[in-house]
Structures are given as structure tokens and as C-alpha cells.
Amino acid sequence: YIRGQSPDDAPNIVSRPEEPPVKDVIEDILIEGNVTIETGAILGLIKSQRSRPADERVIKEDLRALYATRWFYSVERRYRMSDRGLILVFRVVERPVVKSVEVKGNNKVRTKTLLKQINIEPGSPYDVSMNRSAARAIERYYHEKKSCPNAKVTLESGDDTKDRDVIFSIDEGDRTIVS
């Protein structure tokens with residue numbers, strides 16, 4: 001109750017978002033806020049189950065698993081009481097997702113080989129810093145593995161938060177062999 005208010009006048013207290021009602025059974029699990037990522041893919045990562053008591057430890061593991069995907073800027077858990085029982089709600093704010101990945105200017109190395117050097121693919125979280133890091137990784141591959149010390153890799157697309165396509169432009173330079 002509010003300080004200075006008698007307990008009789010206190011409004012019904014609703015459980016706080018981070019505390020499940022004690023030993024209530026989860027009747028349903030809902031995902032809110034997802035637009036591009038399918039609900040089934042999100043639910044597949046959640047260990048909490050319907051018809052089981054709400055366990056704060058398992059719910060915290062669910063939150064960690066969802067954050068670990070890097071699909072979301074934020075993930076919040078909420079609890080709602082319905083006439084059927086407790087409803088566990090995960091409210092998410094999605095990160096943008098990579099629409100496509102393309103490599104241009106590579107003649108000495110196959111595109112497939114270059115894409116193995118990075119962790120970016122269509123459907124993965126879009127992150128400008130990861131795109132820049134991937135460009136450096138491709139450039140390092142040319143320098144260290146392909147004897148192309150003058151190779152330069154730039155981001156033609158993917159260096160702006162508004163982009164969704166990642167395009168690496170490669171200037172392979174001359175191959176240098178030291179004997």
C-alpha cells in the first residue's frame with residue numbers, strides 16, 4: 001500500500017514484472033513485439049513450459065538465451081493473470097536483420113570461401129560494427145592466407161544503420177610471393 005494510506009484503502013496490488021506469482025502454473029506463453037522473427041523460432045529457445053510452475057531461474061535462462069541470439073535490443077518478461085491462470089509474456093524489441101550478403105571484386109578467392117571467414121548471413125542480426133569487423137576479417141584472410149598484402153576490403157553497403165544489405169567490395173591487389 002502507499003505510505004500514509006490505510007491498508008483497507010490500498011488498491012489491489014498486481015505482481016511486479018520481474019516476480020511471478022508464487023507457485024502459479026504457466027497457462028500460456030506469449031511473444032509480443034516480434035515483426036520479422038517468427039514466434040515459433042523464439043518459442044523454440046524458451047525452456048519455460050505451459051502447465052508447469054513459473055520458475056524464476058528458468059525464466060532468467062530464457063531471457064539470457066533470447067539475448068544471446070542478438071536478435072533483440074531488449075527482452076522483457078511480464079506476467080498477466082487471466083481467468084485461465086498465469087500468462088508469461090516475453091516482450092521483445094527486434095534488431096534489424098540482414099537481408100542479403102554479397103561479395104564483389106573477388107577473382108582469386110571463391111565467394112563461398114570468403115563467406116566462411118565471417119559470421120554474417122541473411123537472417124542474422126544486422127550490426128554495423130559486425131559488418132566492419134567482417135570486412136577486416138576478409139582483408140586479413142587475403143593478407144595472411146592468399147599472399148595479397150595490398151588487398152583492401154570496403155563496405156559498399158552495410159556501413160549505415162539504415163542498410164539491410166551487406167555488400168563487400170574487394171580490391172585484391174597484386175599477389176606477392178617472397179622467396
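**View 1. The largest nonpolar core of this predicted model holds 22 residues.** Start with Leu-114, Ile-120, Ile-138, Tyr-142 and Phe-168, the residues with the most contacts inside this core. Strand E4 (100–104), helix H4 (128–145), strand E5 (152–157) and strand E6 (165–171) each supply at least two of the core residues. Helix H4 gives the largest share, with seven residues. As a general background, nonpolar side chains tend to be buried together in soluble globular proteins.

**View 2. Here we zoom in on Tyr-142 and its contacts.** Which residues does Tyr-142 touch, leaving aside its neighbours within four places in sequence? Going along the chain, Tyr-142 is in contact with Asn-106, Val-109 and Leu-114, then with Ser-147, Cys-148 and Ala-151, and finally with Ile-170 and Glu-172. Of these partners, Leu-114 is also listed with Tyr-142 among the residues with the most contacts inside the largest core.

**View 3. Three strands make an open sheet with mixed pairing.** Follow the strands across the sheet in the order E1-E3-E2. Strand E1 (26–32) and strand E2 (72–81) have a single partner strand each and stand at the edges, so one side of each lacks a neighbour in the sheet. On average, and with direction ignored, neighbouring strands here are turned by 15° against each other.

View 4. For a closer look at the pairing, find Arg-78, whose bridge partner in E3 is Val-89.

**View 5. The whole protein chain puts the close-ups in context.** The chain comes to four helices and six strands, and from the N terminus on its elements run β-α-α-β-β-β-α-α-β-β. Of its 179 residues, 35% are buried. Among contacts with a separation of 6 or more, 57% are between residues 24 or more positions apart. The accessible surface comes to about 11,500 Å², and carbon and sulfur atoms account for 47% of this area.

Methods:
Residues numbered from 1 in each chain as written. Predicted model: local features only at pLDDT ≥ 70, side-chain atom pairs only at ≥ 80, totals over all residues. Heavy atoms only, no water. Buried < 20%, exposed > 50% of the residue type's maximum accessible area, 1.4 Å probe, protein only. Contact = heavy atoms within 4.5 Å. Areas by Shrake-Rupley, 256 points an atom, 1.4 Å probe, with all protein chains shown as cover. Pairing = 2+ DSSP bridges. Axes fitted to C-alpha atoms, helices over the stretch in contact; angles between N-to-C directions. Core = buried A, V, L, I, M, F, W, Y, C linked by side-chain atoms within 4.5 Å.
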